[in-house]
Amino acid sequence: MLSLKELLHFLSLSEPNIRYVVFGTIMVGIAAAVIGNFTFLRKRALVGDAIAHAVLPGICLAFMLQGSRSLWVLLPGAFVSGWLALLSIDWINRNSRLKPDAAIGLVLSVFFGTGVLLLTYIQQSGDGSQSGLKHFLFGQAAAILPGDLWVFGLTGLLLCGLVALFFKEFTLLSFDPDFAQAAGLPVRRLELLLSTLTVLAVVTGIQTVGVVLMAALLITPAAAARFWTDRLGAMVLLGAAFAALASVLGSFVSYQQPNMPTGPWIIVVLSAIAFFSMVFAPRRGGLARLWDKLRHAWKIREENVLKTIYHSGESLGDFTAGMHIEAVQGRRAFNPWQLRLSLFTLQRRGLLQYGASGYRLSGEGLREGARLARIHRLWELYLTEYLRLAPDHVHDDAEAMEHLITPELEAQLEAALGYPERDPHDRDIPR
Amino acid sequence: MTTPVSEPALEVHDLTVTYQRKPALWDVDFAIPAGVLAGIVGPNGAGKSTLIKAIMELLPTASGYVRIFGKSLEEVRGRISYVPQRESVDWDFPASALDVVLMGRYRQRGLFRRLSDRDRRIARDCLHQVGMEAFASRQIAQLSGGQQQRVFLARALAQEADLYLMDEPFAGVDASTEEAVLELLTRLRDSGKTILVVHHDLQTAARYFDWMIMLNTRLVAAGPREQVFTNEMLQETYGGKLTLLQAVGNLAGSKGLPLRE
Ligand SMILES: Nc1ncnc2c1ncn2[C@@H]1O[C@H](COP(=O)(O)OP(=O)(O)OP(=O)(O)O)[C@@H](O)[C@H]1O
Ligand SMILES: [Mg+2]
């Protein structure tokens with residue numbers, strides 16, 4: 001089925017139809033991805049979804065009034081109703097006690113419901129059946145015409161140009177709107193511009209992916225790109241690249257399998273990219289995080305082993321006595337394999353020494369063991385003194401905290417407690 | 001109780017602010033002179049953040065008005081710097097510490113204009129002043145709470161203002177950051193700037209500020225610290241709500257804690 005020859009033929013773009021679809025979806029995808037960064041960073045994904053759904057009644061009304069399905073006719077209608085939805089959400093937020101998500105949901109369902117009603121009406125009224133309006137639900141990229149490319153290209157250019165022009169203002173607006181306003185930026189007008197551009201991106205996108213999936217085209221590229229970079233500029237470019245890639249692949253799938261719709265496939269590819277990023281991205285990805293967690297678990301285990309040996313030395317009053325594996329196991333139940341491994345790595349790190357009498361703490365190991373015991377006991381003391389917890393309720397919590405507390409926190413803890421010498425169980429707090 | 005001030009840096013006249021008709025500030029009226037380090041204290045929900053936001057016109061006021069250096073905010077905006085509460089933004093934002101400080105330069109640069117090398121130099125210098133130059137390119141989410149607070153302060157410095165309004169710059173910072181921030185504020189004050197700081201800790205308030213505004217929805221007292229930071233005023237501000245704070249207040253009032261370090 002998937003042949004390289006076909007892919008190459010497709011990529012050569014020698015068929016005009018392929019060209020229209022590929023260029024059209026790329027332009028729409030990039031425009032949506034660029035503006036979507038700010039939607040994503042301002043946590044307005046839901047608003048994007050509401051706008052996307054809300055353009056449907058505008059499209060239907062424009063068609064009913066003008067009787068044409070040219071984009072030049074339908075898009076202004078879509079734009080107006082998307083914009084009205086945005087204003088309605090704003091108005092409800094300002095003038096009622098409804099929570100923002102409720103306001104968004106309300107506007108989405110009212111507008112979309114009206115749109116579906118109008119659509120049904122059009123389809124039942126004779127000429128509606130060939131109007132193809134229902135394609136606006138899920139998009140129909142195959143129907144992109146050369147004239148449409150002009151619409152996409154111009155709006156795309158306008159949109160990217162304005163974003164470039166206002167990049168630093170939009171960034172500040174997304175990060176800290178209060179500061180922006182206090183510094184004298186025209187926040188209201190910038191917000192209006194940003195929202196208008198979002199509506200514009202949504203409106204041009206519905207032809208390819210449709211109102212139902214449009215929000216995904218807006219948000220997914222930014223969400224995926226965020227996993228890979230900590231710089232906004234790079235995030236915008238990467239998101240645009242993801243959108244372009246998804247557009248090409250989505251178009252290819254529907255070229256190969258003519259009954260496959262392009263728009264939904266673009267979204268499928270985008271989602272796959274986002275999923276891949278979520279799992280594999282360095283540092284922010286799931287695998288990287290899992291690895292961090294494993295390392296932390298490993299560290300906790302090592303520290304517990306060390307502390308166990310320290311406690312044994314403490315109770316004997318002699319830190320030089322060795323300890324065999326069974327003895328460690330006797331004081332605290334470890335998984336035997338993990339215990340062996342931890343003992344081995346502790347020895348490698350120079351915290352433990354192994355001799356005829358078993359494992360014993362090196363000088364450095366002794367210091368580290370004392371530090372762990374100290375933090376544990378300080379924290380127990382803190383909990384009993386400040387939170388008035390009973391002494392027999394604080395051990396588990398301290399057990400978790402001792403692996404997290406940093407030297408600065410430790411110093412603060414000591415100072416707050418007045419450099420205590422005994423813990424709530426009347427044990428020494430080692431220095 | 002308020003102290004009259006001639007040639008004030010900031011005057012607040014009969015300011016009332018409401019949230020859905022519920023007053024958060026009620027007829028607040030005070031002034032602070034130029035060149036002081038002033039503290040706003042009051043219990044949780046006293047309206048401290050609301051006061052700062054209302055001064056910056058981030059909230060609509062029900063009545064009253066504010067004058068800064070004898071003018072309206074719009075006329076002197078370039079001379080004022082606002083430091084929001086650290087928790088008011090999402091720090092998991094794709095920006096570096098330097099990026100955030102540069103935001104303090106946007107206004108001087110104006111719309112459309114690109115930031116210049118001079119802006120970058122100033123921003124770096126401000127990071128240096130708060131001891132964060134080593135973290136310039138660090139992603140802001142990877143900074144500790146105290147470091148994030150310092151970045152906010154550096155951003156305010158980059159604005160090169162004459163009046164600074166800061167919402168809890170000492171919240172959630174460690175002891176060393178607290179000292180560093182205090183030193184910075186004192187230095188600013190000594191160079192003639194006026195600084196208004198929302199502060200939570202009464203124990204240190206006595207030591208940090210030379211002017212005090214004590215707030216609990218209404219204004220309890222405003223004036224030089226040694227005049228208004230008294231047992232009686234503290235009790236009036238905090239009511240019977242917080243016995244611990246009251247105890248500290250008593251201590252400060254009766255024993256006269258060291259007034260300056
Ligand atoms: N956006 C808001 N909508 C409704 N009520 C609000 C809003 N913001 C604050 N309030 C209310 O106004 C009052 C003053 O709030 P404000 O945040 O100014 O207090 P604060 O002194 O800064 O408190 P804190 O010490 O907790 O920071 C509080 O009762 C609060 O519940
Ligand atoms: Mg506050």
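The questions and answers below go through the reasons behind some descriptions of this predicted model.

User: Why is Leu119(A) called buried?

Analyst: Its relative accessibility is 6%. Buried means under 20%. Therefore Leu119(A) counts as buried. Leu119(A) sits in helix H5 of chain A.

User: What is Leu119(A) in contact with, leaving aside its neighbours within four places in sequence?

Analyst: Cys60(A), Leu133(A), Lys134(A) and Leu137(A). Each of these contacts rests on heavy atoms within 4.5 Å.

User: How far apart in space are Leu119(A) and Ala416(A)?

Analyst: They are 69 Å apart, C-alpha to C-alpha. In sequence, 297 residues separate them.

User: Why is Thr198(A) described as buried?

Analyst: Thr198(A) has a relative accessible area of 8%. The cut-off is under 20%, so the word buried applies. Thr198(A) belongs to helix H10, residues 187-226 of chain A. Apart from neighbours within four places in sequence, Thr198(A) is in contact with Ile35(A), Thr39(A) and Leu218(A).

User: What makes Lys43(A) exposed?

Analyst: A relative accessible area of 57%. Exposed means over 50%, so Lys43(A) qualifies. The residue lies in the loop between helix H2 (16-41) and helix H3 (45-66) of chain A.

User: What is the phi of Lys43(A)?

Analyst: Phi is near 60°, a positive value in a residue other than glycine. Most residues other than glycine have a negative phi.

User: Why is Glu160(B) called partly exposed?

Analyst: Glu160(B) has 43% relative accessibility. Buried is under 20% and exposed is over 50%. The value falls in between, so Glu160(B) is partly exposed. Its place is the loop between helix H6 (145-158) and strand E6 (163-167) of chain B. Its phi is positive, about 50°, although Glu160(B) is not a glycine.

User: What makes helix H1 of chain B largely enclosed?

Analyst: Six of its eight residues, 48-55, are buried, so the rest of the structure largely encloses H1(B). The buried ones are Lys48(B), Thr50(B), Leu51(B), Ile52(B), Ala54(B) and Ile55(B). After H1(B) comes Glu57(B), with a positive phi near 60°.

User: How do you know that helix H8 of chain A is mostly covered?

Analyst: Eight of the nine residues in H8(A), 167-175, are buried. Among them are Lys168(A), Glu169(A) and Phe170(A). Leu172(A), Leu173(A) and Phe175(A) are also on that list.

User: How is the packing of helices H4 and H5 of chain A described?

Analyst: Two packed helices are described by the angle between their axes and the distance between the axes. For H4(A), residues 71-95, and H5(A), residues 100-124, the angle is about 145° and the axes are 9 Å apart. The crossing is right-handed. H4(A) contributes residues including Leu84(A), Ser88(A) and Ile92(A) to the contact. H5(A) contributes residues including Ala103(A), Val107(A) and Phe111(A).

User: How do the residues of that contact between H4(A) and H5(A) divide?

Analyst: Ten are nonpolar, three are polar and none is charged.

User: How many cavities of 30 Å³ or more are there?

Analyst: The count is one. The largest cavity holds about 40 Å³ of space. Its lining is Arg69(A), Gly132(A), His135(A), Phe136(A), Gln140(A) and Gln207(A).

User: How does the lining of the largest cavity divide into nonpolar, polar and charged?

Analyst: One residue is nonpolar, four are polar and one is charged. Gly counts as polar under this scheme, and Arg as charged.

Key
Residues are numbered from 1 along each chain as its sequence is written. Chains are lettered from A and ligands numbered from 1 in the order in which they are written. This is a predicted model: local features need pLDDT of at least 70, side-chain atom pairs count only at pLDDT 80 or more; totals for chains, interfaces and linings use all residues. Side-chain values use heavy atoms; hydrogens and water are left out. Axes are lines fitted to C-alpha atoms, for helices over the stretch in contact, and angles run from 0 to 180 degrees between N-to-C directions. Helices (H or I, at least four residues) and strands (E, at least two) are DSSP runs, numbered from the N terminus. A crossing is left-handed if the near helix is turned anticlockwise from the far one by less than a right angle, and right-handed if clockwise. Buried means under 20% relative accessible area, exposed over 50%, partly exposed in between (1.4 Å probe, protein chains only). On a 1 Å grid over the protein atoms alone, a cavity is a set of points where a 1.4 Å probe fits but cannot get out, and a pocket is an open set with protein on both sides within 12 Å along at least five of seven lines; lining residues have an atom within 4 Å of a point. Grid points are joined across faces, edges and corners, and a volume is the space filled by probe spheres set on the points.
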